[in-house]
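Let's take a friendly walk through a protein model together. Have a look at the structure below, and then we will start from a single residue.

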Amino acid sequence: MIKKVVLVFTFLVTTLILNAQDKLIINTYNRPTTSLNGYWEYIVDPYENGYYNYRYEAFDKQENPQKGAFFLNSKSESKSDLVEYDFDKMDSILVPSDWNTQKENLFYYEGTLWYKKSFDYKLDKTSNRLFVYFEASNYKTEVYFNGKKLGVHVGGFTPFNYEITSLLKENDNFLIVKVDNKRIKEGVPTLLTDWWNYGGITRDVKLIETSNTFVQDYFIQLKPKDSNKISGYITLNGENAPQKNVQISIPELNINRSFKTNNTGKLSFEIDAKTISYWSMEKPHLYDVTIMTDLDTVTDQIGFRSIQTKGKQILLNNKPIFLKGISIHEESPIHDGRGWNKEDAKQILNWAKELGCNYVRLAHYPHNEHMLRLADKMGILVWEENPVYWTISWENENTFLNAKNQLSEVIDRDKNRASVIIWSMANETPTSDARNNFLKKLASFTKEKDPTRLISAALEQSDYKDDKFTRTISDPFADVVDILSFNQYIGWYDGLPEKCSKISWNIQQDKPVIISEFGAGAKYGLHGDKSERWTEEFQEHLYIETLKMIDNIEQLQGVSPWILVDFRSPRRILPEIQDGWNRKGLISEDGLKKKAFFVLQEYYNNK
Ligand code: GCU
């Protein structure tokens, strides 16, 4: 009996330890890593047969999981043995990449798919540690290593990592990952979206070897409201983290300072810096910042700038700016499906630059880190968005914690990126007390975690005092955000383009305004009269009329039309026109520019 109690206790403690998702290791781009990208074996498992027994009991909750559990990578041990799966005899699939566009029979698949990757790894466990890091996996991901559960991650667009030091063998390690992209009502996003539900391990997977105590996290920015100081914090991870000497050096600013961590392994700092070349769109200067301890050194490229609002203005380094933007979904312009690599990011941001943009709205979820690091280098400002989209389950506490966690993870990942100036809480969410409370809690969490950036959301707009031709922003969340943003589709969903000239805007709040979306669908190459919907001429006409209308909005400080490139959506099915694509792009999925592209380009070039 005692033996059983000890066994159960050990199992529970091990599970607790392993399931506690490790705090994010940031800046993996500048650390020594081993990529696990490439072909992984996979099993499609719509009935989650590898996860539950026939009584719907989860194998990984069992003290001794049955052989049918896929995460055990079971093999028949004799001719009479019963094992009804074998990863090694399965087909393989590329990681990273969504499964939908890799396998025709998975194009619409929404469910569970298991991945397996085997590898050898030699680690000196006396001095070093090993982590497995996922840049993203959509939507619910359960990770197992050498038959043990590491943890569960929920959310399709943010990174997570687990320590595998204690479970690592020198040879024949197997990493098994269960990814389930089923849409669920209490999810973030929820059941309905206007984009493709790409499933799978959609971004890089890598092993990160660290010393026993290493630099895990840091926030290094210009001190809010004092542009002659650099401040922030550094967190070490490991048994020697407390009371540790840490050096911060920024050679170009002749900064080389030492600090000591407190008893929790964390330190806060403030450094005078009088000769900073502030990061700007024209001069996106990045400094090499090195953080060093006796065991670990990590370098990042960080731009120093301030961003704030003053009445109706947005100020970058105390100068008013107008955000000449475009909205972007994370689809590759080069291959089909989710974008994830540097080439995808380069093409997308080069198109934005060609359009005359100094700003992009990364809709409707965090994009891959290449986008942010490239925006830093190119001097492009960024709106990053949490996938709190449309009809979220506002009353569900777990839904709120999920939304908060995803926001926390993207802030952890990108808080040192100068290009990121706005955290968006939500998109087009119907107002209610529960929704207002949900968003207010998200906003206060964000402000506390990152006081250096602005908060916004695509708010609801409405008629002003029942006047059908005067619009205003009546959304209660407008009192919380720093920037008032809203999507408006006058001329597409609301009347025809001629209606734009009849509309005036009466926005009461003394805050900057961004129009976060407007647009019209057009099939590339379809031409006709400007009154004919779906022609390039109609879209061009709507852009001309809308740009004239919004120029009359006194507080307007930015716009990000919907959208740079046509994108896949299962909701857009009009034969010969949409065929599964949302056609509001200024560029077709084949990279061909429509006439409206040049209307917006001229508007920005003359702005
Ligand atoms: C909405 C929404 C987008 C959607 C767009 C459209 O504003 O924010 O996600 O794709 O309209 O209808 O095309």
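Leaving aside neighbours within four places in sequence, Met425 is in contact with Asn386, Val388, Leu407, Leu439, Leu442, Ala443, Thr446, Ile455, Ser456, Ala457 and Phe477. Contact here means heavy atoms within 4.5 Å. Met425 is also one of the residues with the most contacts inside the largest nonpolar core, together with Ile326 and Val388, and this core has 82 residues. A second, separate core of 32 residues includes Tyr133, Phe269, Tyr287 and Ile302. A nonpolar core is a set of buried Ala, Val, Leu, Ile, Met, Phe, Trp, Tyr and Cys residues joined through side-chain atoms within 4.5 Å, and buried means under 20% relative accessible area, computed with a 1.4 Å probe on protein chains only.

Before going on, a word about the model: it is predicted, local features need pLDDT of at least 70, side-chain atom pairs count only at pLDDT 80 or more, and totals for chains, interfaces and linings use all residues. Residues are numbered from 1 along each chain as its sequence is written, and side-chain values use heavy atoms, with hydrogens and water left out.

Now to a sheet. Four strands form an open sheet in the order E14-E13-E16-E17, with antiparallel pairing. Strands E14 (255-260) and E17 (297-302) stand at the edges with a single partner strand each, so one side of each has no neighbour in the sheet. Strands (at least two residues) and helices (H or I, at least four) are DSSP runs, numbered from the N terminus, and two strands pair if DSSP finds at least two bridges between them.

Strand E13 has a partner on either side, as the table shows.

| Pair | Sense | Bridges | Residues facing each other |
|---|---|---|---|
| E13 and E14 | antiparallel | six bridges | Ile248 and Arg257 |
| E13 and E16 | antiparallel | three bridges | Ile248 and Ile291 |

Another bridge joins Ser249 to Thr290 in E16. E13 and E14 form a hairpin with four residues between them, and Asn254 in the turn has a positive phi of about 55°.

Is helix H3 mostly covered or mostly open? H3 (residues 369-378) is mostly covered, with nine of its 10 residues buried. Among them are Met371, Leu372, Leu374 and Met378. Just after H3, Gly379 takes a positive phi of about 75°.

Terms used: Buried < 20%, exposed > 50% of the residue type's maximum accessible area, 1.4 Å probe, protein only.
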